[in-house]
Amino acid sequence: MKLEEHSFFALFTPEVAPKLQALAQVQNFAAQQTIFREGEPPDCMYLVLAGKVDIVKNPDGGATQVLAQAGANDFFGEYGVLDGRCRSAGAVARGAVTLARLDSAPVLGVLNAAPGRCILELTRHLINN
């Protein structure tokens with residue numbers, strides 16, 4: 001999938017979406033590669049362009065539990081970006097995966113300047129998913 005086709009950008013006005021797209025850094029991860037760990041500070045969010053990512057918990061160092069899966073056209077890590085709290089779960093590439101990384105500070109800068117409608121659409125999406 002092309003970056004600009006990702007559904008995340010449809011949540012924003014035509015003036016805001018290109019600003020967010022310009023911030024994206026496309027990255028590839030190998031199968032089983034850790035994208036981020038539970039408890040880490042949130043420095044970014046990710047858009048899945050291809051492949052699948054497992055959202056995982058590893059309670060007390062025990063067996064890893066898969067809580068959810070993010071596939072193409074999904075995104076994850078946004079809660080940490082928005083609330084600034086440490087990651088409540090980790091993310092691991094299920095197979096080879098292509099992600100678009102959006103760093104926290106620049107994204108928050110764009111969102112702070114965005115019209116209220118953009119924030120409302122993002123909030124609706126988060127609540128419904």
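Is R101 buried or exposed? With a relative accessible area of 15%, R101 is buried, a term that denotes under 20% relative accessible area, with exposed meaning over 50% and partly exposed in between (1.4 Å probe, protein chains only).

## Basis of the model

The model is predicted: local features require pLDDT of at least 70 and side-chain atom pairs count only at pLDDT 80 or more, while totals for chains, interfaces and linings use all residues. Numbering starts from 1 along each chain as its sequence is written, and side-chain values rest on heavy atoms, with hydrogens and water left out.

## Overall architecture

Four helices and eight strands are assigned in the chain, as DSSP runs numbered from the N terminus (helices H or I, at least four residues; strands E, at least two). Their order along the sequence is α-β-β-β-β-β-β-α-β-β-α-α.

Of the 129 residues in the chain, 40% are buried. Among contacts (heavy atoms within 4.5 Å) with a separation of 6 or more, 76% link residues 24 or more positions apart. The chain has an accessible surface of about 6,900 Å², and carbon and sulfur atoms account for 52% of this area, as calculated by the Shrake-Rupley method with a 1.4 Å probe.

## Surroundings of R101

R101 lies in strand 8, which spans residues 97–103. Its side chain makes a polar contact with the side chain of D43 at 3.1 Å, and a second polar contact, of 3.3 Å, joins the side chains of R101 and Y46. A polar contact here is a pair of N or O atoms within 3.5 Å; within protein, one must be able to donate a hydrogen and the other to accept it, and residues adjacent in sequence count only if both atoms are side-chain atoms.

When neighbours within four places in sequence are set aside, R101 is in contact with L23, A24, Q25 and Q27, and also with D43, C44, M45 and Y46.

The chain holds one cavity of 30 Å³ or more, a cavity being a set of points on a 1 Å grid over the protein atoms alone where a 1.4 Å probe fits but cannot get out. The largest cavity has a volume of about 40 Å³, taken as the space filled by probe spheres set on the points.

Its lining residues (an atom within 4 Å of a point) are F8, M45, E78, V81, L82, V107, L111 and L122. By class, the lining has seven nonpolar, no polar and one charged residues.

Key. 1 Å grid on protein atoms, 1.4 Å probe; cavity = no way out; pocket = protein on both sides within 12 Å on 5 of 7 lines; lining within 4 Å. Nonpolar A, V, L, I, M, F, W, Y, C, P; charged D, E, K, R; others polar.
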